[in-house]
Amino acid sequence: MALSNKKFATVGRKKAPETKTQKAVSLKKDEDDSAERTDGWKITKLTDPLEIKEKEQKEEITRILTTKNPHAPDNIVHYSFKEGAFKPVTVDHMALHFVMEGNLVDKNWESEAQRRTFLPAESESTDEEDDEEKAKTPATPEDGDEAEEGGEEERPDSVDSKSVKGPKLKITLIERATQVQHYPLRDKSCQKEPPLFCNFSATANQWEIHDAYTEELQKLEKNKHRAVSGAKDGDSTAKKGNDISRVARVAKIIERMLHQNMFDDIAQDFKYFEDASDEFRGQEGTLLPLWKFHYSKAKRLSVTALCWNKKYQDLFGVGMGPDDLSKQQNGMMVFYTLKNSTFPEYIYPTRSSVLCLDIHAQQSHLVVVGLYDGCVAVYNLRKKGLEPVYESTAETGKHTDPVWQVRWQDDDMAHNPNFCSLSADGRVVSWTLVKNELVHRDIILLSVNGAFAKGPEEAQQLSHVCGTSFDFHKQTQYLYLVGTEEGKIHKCSKMYSSQFLETYNAHSMPVEAVKWNYFHLKIFISCSSDWTVKIWDHSITSPMFTYDLGTAVSDVAWAPYSSTVFAAITVDGKVHVFDLNVNKYEPICQQQVVAKRTKLTRVEFNPIEPILIVGDDRGFVTSLKLSPNLRKATKGEKGQELPKGPEAEVAKLEKLLSSLRDHASKATE
């Protein structure tokens, strides 16, 4: 670092200005006096009379420069609203002593100068004009030096000596400031229904506590013994299976939670929404679409059967098979729940098309299906595996034609589950689950004109009638109805296997469905491909009500909450809901729920919730919510609500039918 020497001035008379020769001599003398050191330092001798000691001359004065500002604080903190805590602030130690914004343009950049000044090229001044302006302006001496006498040459690097081409730049600087808006932090919260509470109280004696502890210790000892025996036997596969089953169960619960979060709006509509527009529609109602169920691997399969679980009201089974029965392929049986519409709960592939299924009312894990190849099979949902636990074969009396209907019956005297099946071969068969086999018994063989065979040889000669659907009486288990391909409905009994109790000339085309009323024990309903839906009294051979829906009717179902409400579906994708107590002639709801090219195949009411599910020929199951007008309680003449219950429902329907019976009796007289 160079030593800075102070220059001392003498006090006295003002010295006369020196000439050029005197200046040159003094400069040369100064150059001789100065000398360069080998270590890079430059020592200048003082010309002033004041002398500095040699020790002071050799003393080196050092100064260390750092980037840290000693005056800057180092303990500043700011509060962070984002993180909710105090955070230290980094102090900038850079100091700016001088700042000036400049705009320099190269003299060769004529286009840039024109662009900044917005002046044409013709306004540029020439070199001669610049020289004239310089001649007019007087020269000013530099600060600290006296004006030199004329003739002195200018320095070559002087700015005035250079002539700059182009116009003078006129740029207006505008300071602008922006401020970023800081948005306040918001808290996101969720809301759920409070859990249910119940009061519980009990007393415990000393011996009860002792027995409870003893049972718990026995369980712990058994578990330890099993764990030790499993480790000795090397049964690691069982442990892995248990671990996988636990993970699968947890994954299923998480999947349901995600589904409820994704379709929260639909869940809210299902639980709480009531269509307020029904107040302005009068007696008409609507169907609100909720979830749509579909399994991606069941492509090109149509819905052939629907059945709700009686114990778990949110679970229902779906039977699937090809729409064109001539092109047979593998079928499928799947189970969906309203808690998760994205994926089925259970999946069972079958080697043949599933045409019908039924879930046991008490033992909800037992499901019976009827297949196109004539077999009936029973599945146990509790057991692992995809194979049925019971299945009919040619040796055990399986049907020779497709099975169109199956129904569970009450257990027999030995508490063995049993069910009945109806096939296109004209046989109605009762099946009993005995240990590891199916035991069958033929109830009746449907034949033309009600003729029955007296022996096996005569049975081969008689032509049988194809049965399409049947239903057992809700109270009298031995009484049942059978619909045939000819359009007739036969009333039969298990007590008489050789004759029909009654025959109804119901339809001109095959009977698609026949079902008893849930409340009135004498009333049943039927539908057919001849476009009609008919309501019957089994004691009268003529229908009580006949409705023409304008196209083929695929299925019909009674509502479980009212004796006068039923729903019918047609192949053009419409759902028709009737309430005889409101309108005996026209439906109170007629709504298109799928595309016109899609055919509806099956319909079922939920036993508890106001939900209707319909299946189509593309494998989709659509859930619909009934509006208040379709399920409102009936009122009396003075606006008072009628009493509720099975007896009130029977009285309501009987009142409608009695007027028709009186009118029919008067007409016959």
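This is a predicted model: local features need pLDDT of at least 70, side-chain atom pairs count only at pLDDT 80 or more; totals for chains, interfaces and linings use all residues.
**The S22 to S25 sheet**

- Strands here are DSSP runs (E, at least two residues) and helices likewise (H or I, at least four), numbered from the N terminus.
- The order S22-S23-S24-S25 describes an open sheet of 4 strands with antiparallel pairing; two strands pair if DSSP finds at least two bridges between them.
- S22 and strand S25 (545-548) are the edge strands, each pairing on one side only.
- On average, neighbouring strands of this sheet are turned by 15 degrees against each other, direction ignored; the axes are lines fitted to C-alpha atoms (for helices, over the stretch in contact), and angles run from 0 to 180 degrees between N-to-C directions.
- S22 runs antiparallel to strand S23 (residues 523-528), and 5 bridges join the two.
- S22 and S23 make a hairpin, with 6 residues between them.
- Strand S22 (residues 511-516) has 5 of its 6 residues buried, so it is largely enclosed by the rest of the structure. Buried means under 20% relative accessible area, exposed means over 50%, and partly exposed is in between (1.4 Å probe, protein chains only).

**The S14 to S17 sheet**

- Here again 4 strands form an open sheet with antiparallel pairing, in the order S14-S15-S16-S17.
- Its edge strands are strand S14 (403-409) and strand S17 (437-445), and each pairs on one side only.
- Strand S15 (residues 418-423) and strand S16 (residues 427-434) pair antiparallel over 5 bridges, with phenylalanine 419 opposite tryptophan 431 in S16.
- Glutamine 409 lies in strand S14 and is buried, with a relative accessible area of 5%.
- Glutamine 409 touches His360, Asn418, Phe419, Cys420, Phe472, Gln477 and Lys494, leaving aside residues up to four places away in sequence; contact means heavy atoms within 4.5 Å.

- In strand S12 (residues 376-380), 5 of the 5 residues are buried, so the strand is largely enclosed by the rest of the structure.
- Val376, Val378 and Asn380 point one way from S12, Ala377 and Tyr379 point the other way, and all are buried.
- Strand S11 (residues 366-371) pairs with S12 in the antiparallel sense over 5 bridges, and valine 367 has tyrosine 379 in S12 as its bridge partner.
- S11 and S12 form a hairpin with 4 residues between them, and glycine 374 in the turn has a positive phi of about 95 degrees.
- S12 also pairs antiparallel with strand S13 (residues 390-391), over 2 bridges; alanine 377 stands opposite glutamate 391 in S13.

**The largest nonpolar core and helix H7**

- The largest nonpolar core has 22 residues, and Trp291, Phe316, Val318, Leu338 and Val621 have the most contacts inside it. Such a core is a set of buried Ala, Val, Leu, Ile, Met, Phe, Trp, Tyr and Cys residues joined through side-chain atoms within 4.5 Å.
- Elements giving two or more residues to this core are helix H7 (264-271), strand S5 (287-293), strand S6 (302-308), strand S7 (315-321), strand S8 (331-337) and strand S31 (611-616).
- Leucine 338 touches His259, Phe270, Trp291, Phe293, Trp308, Asp314, Phe316 and Ile611, not counting residues up to four places away in sequence.
- H7 has Ile266, Ala267 and Phe270 as its buried residues.
- Looking down the axis of H7, those buried residues fall within an arc of 100 degrees, so they line one face of the helix; the arc is that of the directions from the helix axis to the C-beta atoms.
- The cover over the buried residues of H7 includes S5, S31 and strand S32 (621-626).

**Cysteines**

- The disulfide count is 0, taking a disulfide as a pair of cysteine sulfur atoms within 2.5 Å.
- Cysteine 420 counts as buried, at 0% relative accessibility.
- Cysteine 492 counts as buried too, at 0% relative accessibility.

Methods:
Residues are numbered from 1 along each chain as its sequence is written. Side-chain values use heavy atoms; hydrogens and water are left out.
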